[in-house]
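I opened this structure to look up its helices and its charged pairs. My entries follow in the order in which I made them.

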Amino acid sequence: MGVTEHASKQYDADLGSIRSRVLAMGGLVESQIRRAIDALTTGNLALSQEVIEADHRVNAMEVELDGDCSQLIVRRQPAAGDLRMIFAIMKTVTDLERIGDEAQKIARMAKNIHERGGAGSLPA
């Protein structure tokens with residue numbers, strides 16, 4: 001009986017870890033969008049470059065979380081409710097990665113616009 005209890009605690013810990021990392025990923029993506037928009041409106045080329053370079057962190061988080069969710073399904077064979085939650089997390093992570101890609105695109109556009117001196121029409 002002790003083995004089952006430990007396995008259940010570990011399962012809960014694994015789910016909790018995944019949940020907290022998804023929230024962290026969401027926070028990072030939100031920050032990337034804000035920073036990309038700031039770079040676009042202010043013309044801050046260094047900020048644009050930081051957003052572009054940080055995209056790999058979002059991508060790595062997606063790969064890691066997706067793999068961990070897959071492993072959790074294989075190892076724990078979760079019940080229907082938990083399985084639906086895990087699939088929702090996997091979809092969310094994919095969407096967050098795509099949003100991160102859009103932040104990088106905004107930053108690239110901002111960099112191009114401001115390097116060419118075309119920022120005169122942007123609101124401050």
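**Entry 1: a pair within one helix**

I looked up Asp-95 and Arg-98, which lie 3 residues apart in helix α3 (residues 80-115), so about one helical turn separates them. Helices here are DSSP runs of H or I with at least four residues, numbered from the N terminus. An α-helix has 3.6 residues a turn, so residues three or four places apart point the same way. Asp-95 forms a salt bridge with Arg-98, and the closest N and O atoms are 3.9 Å apart. A salt bridge means a side-chain nitrogen of Lys or Arg within 4 Å of a carboxyl oxygen of Asp or Glu. Asp-95 is partly exposed at 41% relative accessible area, whereas Arg-98 counts as exposed at 51%. I used these cut-offs: buried is under 20% relative accessible area, exposed is over 50%, and partly exposed is in between (1.4 Å probe, protein chains only).

**Entry 2: what I am working with**

I noted that the model is predicted, that local features need pLDDT of at least 70, that side-chain atom pairs count only at pLDDT 80 or more, and that totals for chains, interfaces and linings use all residues. Residues are numbered from 1 along each chain as its sequence is written, and side-chain values use heavy atoms, with hydrogens and water left out.

**Entry 3: helix α2**

I checked the length of helix α2 (residues 45-76): its 32 residues should span 46 Å at 1.5 Å a residue, and the end C-alpha atoms are 47 Å apart, which agrees. The expected span is 1.5 Å times one less than the number of residues. I found a bend of about 30 degrees in α2 at Ala-54; the bend is the angle between axes fitted to the seven residues ending there and the seven starting there. Ala-54 is also one of the buried residues of α2, which include Leu-47, Val-51 and Leu-65. Just after α2, Gln-77 has a positive phi of about 45 degrees.

**Entry 4: pairs between helices**

How many salt bridges does the structure hold? I recorded 8. In one of them, the side chains of Asp-68 and Arg-21 meet at 2.8 Å, N to O. Asp-68 lies in helix α2 and Arg-21 in helix α1 (residues 2-42), so the pair ties together parts 47 residues apart in sequence. Glu-50 and Arg-35 also meet through their side chains in a salt bridge, at 2.2 Å, N to O. This pair links Glu-50 in helix α2 with Arg-35 in helix α1, 15 residues apart. I also found Asp-14, Arg-75 and Arg-76 linked in a network of salt bridges.

Methods. Helix = DSSP H or I, 4+ residues; strand = E, 2+ residues; numbered from the N terminus.
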